[in-house]
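Work through the following exercises with the sequence and the coordinates open beside you. Each task is followed by a solution that goes step by step.

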Protein chains: 2
Amino acid sequence: MSAIRFELIKTCKQSGARLGKLYTPHGVIDTPIFMPVGTQATVKAMTPEELKEIGAQIILSNTYHLYLRPGEKLVEKAGGLHKFMNWDRAILTDSGGFQVFSLSDLRNITEEGVTFKSHIDGSKHFISPEKAIQIENALGADIIMAFDECTPYEADYDYTKNSMERTLRWAERCLKAHQKPDKQALFGIVQGGMFKDLRQESARQTVKMDFPGYAVGGLSIGEPKEIMYQVLDWTVPFLPENKPRYLMGVGSPDALLEGVIRGIDMFDCVLPTRIARNGTVFTSKGKLVVRNAEYAEDFRPLDDECDCYACKNYSRAYIRHLFKAKEILAARLATIHNLRFLLKLMEDVRRAIMEDSLLDFKEEFFRKYGYTNE
Amino acid sequence: MSAIRFELIKTCKQSGARLGKLYTPHGVIDTPIFMPVGTQATVKAMTPEELKEIGAQIILSNTYHLYLRPGEKLVEKAGGLHKFMNWDRAILTDSGGFQVFSLSDLRNITEEGVTFKSHIDGSKHFISPEKAIQIENALGADIIMAFDECTPYEADYDYTKNSMERTLRWAERCLKAHQKPDKQALFGIVQGGMFKDLRQESARQTVKMDFPGYAVGGLSIGEPKEIMYQVLDWTVPFLPENKPRYLMGVGSPDALLEGVIRGIDMFDCVLPTRIARNGTVFTSKGKLVVRNAEYAEDFRPLDDECDCYACKNYSRAYIRHLFKAKEILAARLATIHNLRFLLKLMEDVRRAIMEDSLLDFKEEFFRKYGYTNE
């Protein structure tokens, strides 16, 4: 039996968005949900308690990074990733596929797997579908991802087709290699680039393998957002209603809303934490670069509609000072705020779905935020 | 009337150490106390709530840094330093003297004050005793320090004598310049380098000016610790019993204990927070460099006798991983631990004074910790 169970609670009559519950070995997750990213077994600048306080129900961690450092065997010895990092709610690990293709050097793809050089020390490594699953089994996340090739946005039809078909064969191998299906749910990943027939073929074939959940991969990698939405429109109808759907690497407010409306249940992205550390924050009136001189004497909170710790206790002037002075608390406060902003947005989205009013909510949200399509 | 009141509760029959209470506009402080340093209006890597959780009752902030960035006028506009940084317990600000002499470039000392170049942008500044107090009045700390010259350890007798006498004249000017004696207690600072007669003359003359508290300055600046203890032995007997005594810039466990035994009530130092960010932590068995390879698979807490958040929830292996991966949480956990270690040490010290057993406590502490005299 599967490690997870998805319950579809209702579909928004106005938008078609889904409200659900995802039962995992580490708690029940309300969907649609945004998953903060804890690349190296820590969500940058945050403690687990702070993540809980802002409403995080599941976080993502990166297999590629943990494999290279500290190594999955060490994490396993520590009692698994949950215990190692002191997080007792759900975790999803990606397969390392995306990072192998985007971060490492000198990668070489064969049918067997991928050879690459570590971005940390240049050491040579080989990851196959079997190896990826072995690492993910050792890490012990609640949801693990199949090893795929994230096809580059610019790839032509033939490359994309070959890549998509190899990802299907790799998915079969991942399923066979998976040692703990009762404890960890393995998700399949739909690829197929920006081509309608390839996406649909990938979705059909992946769904045939009967995974407990499905991701749409290979998006948010540089393509215009209209194309991403188009690919979702092509793909999602081929995914089963009774399984969770995960759009990988998406975390801007506009794309979250557009994704939810297209039937997506789960999202992750480094965007909110990364821009936070550079001094950029989401607010109900759009993004704000709190480092800027105009906020030097601005004693208002980052966002007067936000209920986070940073907004309840600190001014823009203080947070700007912390950024100028290169203080760690700057990154902490901006990260808390940006993650809370997205988690709160998803809470509002779930409420709007319950009330069959997500399109109204979206209009109202973007009236204030500005629909930047960034 | 003075902004603060000091109550001497008892003197340890075994060691002569003092147990007291210091009443400030922002709460009552148990002495002897260690004050974490929040140089730039933040104790690096910590929130105010975390400081309270580990038992911090008063923190120190640096006038030199806040004057340069964000500027005392901005802090005043924000409602003062307490409100600006969200800390409602007591604050002490130094006068900037030490930083002007140690951090800035091209300083030039005259009777009037000190001209120096900012370590941030090279801009030229002038600070006099009057200016220092004006800045400290604007910042609004509970305890403020007189503007002094921190005489270099290597200075000869004549230089030290002239410097000490100028510091006395500056102290008079600070007293006159102080606009809020009912809200902020101005402490005098004893200088006089490593010379017995100069220290005693400085103490006598400073005490004559009747400050609400006294600091011993110009120590822990490179001299051997035996010399520091010798200077304390010369100086402290000249300080009044009914006023708090503050040894500036001291924060190693051995020097804290030796200082307390010599009648000191207050200490501050960047040591615990600075070494924490470099991966070195205090433990009941001595210092430990958690970055080191030997802790890679060590799943014990930093210190099994510690009650801090880091020790209750994380292993050395995890914290080492965070340091290797350059994660912010590494600095956070090590900082929480090191500050808690010193605050807990002072709690234990106060208990031992109450029980007239501080020398026994010291012996037992160093039996495990190792008396490194570092």
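**Exercise 1: the annotated positions**

A polar contact of 2.7 Å joins the side chains of D268(A) and Y246(A), where a polar contact is a pair of N or O atoms within 3.5 Å, one of which, within protein, must be able to donate a hydrogen and the other to accept it, and where residues adjacent in sequence count only if both atoms are side-chain atoms. The model is predicted, so that local features need pLDDT of at least 70 and side-chain atom pairs pLDDT 80 or more, whereas totals for chains, interfaces and linings use all residues. Residues are numbered from 1 along each chain as its sequence is written, chains are lettered from A and ligands numbered from 1 in the order in which they are written, and side-chain values use heavy atoms, with hydrogens and water left out.

Step 1: D94(A) lies in the loop between β6 (90-93) and α5 (97-102) of chain A, while D268(A) is found in strand β14, residues 266-268, of chain A; helices (H or I, at least four residues) and strands (E, at least two) are DSSP runs, numbered from the N terminus.

Step 2: D94(A) is buried at 7% relative accessibility, and D268(A) is buried at 8%, where buried means under 20% relative accessible area, exposed over 50%, and partly exposed in between (1.4 Å probe, protein chains only).

Step 3: leaving out residues up to four places away in sequence, D94(A) touches residues including S61(A), E136(A) and M145(A), contact meaning heavy atoms within 4.5 Å. The side chain of D94(A) also makes a polar contact of 2.5 Å with the side chain of N62(A).

**Exercise 2: the interface**

Task: Work out what area is buried between chain B and chain A, and how many salt bridges are counted there.

Solution. Step 1: about 3,200 Å² is buried, of which carbon and sulfur atoms give 56%; buried area is the accessible area (1.4 Å probe) that two parts lose on being put together, summed over both. In chain B, the residues H321(B), E327(B) and I328(B) lose the most area to chain A, together 18% of what that side buries.

Step 1: six salt bridges are counted between chain B and chain A, each being a side-chain nitrogen of Lys or Arg within 4 Å of a carboxyl oxygen of Asp or Glu. One salt bridge brings together the side chains of R332(B) and E50(A) (2.8 Å, N to O).

**Exercise 3: backbone geometry**

Task: Find where the peptide bond to P32(A) lies, and state whether it is cis or trans.

Solution. Step 1: the bond from T31(A) to P32(A) is cis, with omega near 0 degrees, and P32(A) sits in the loop between β3 (27-31) and β4 (33-35) of chain A.

Step 1: a cis peptide bond also joins R69(A) and P70(A), with omega about 10 degrees.
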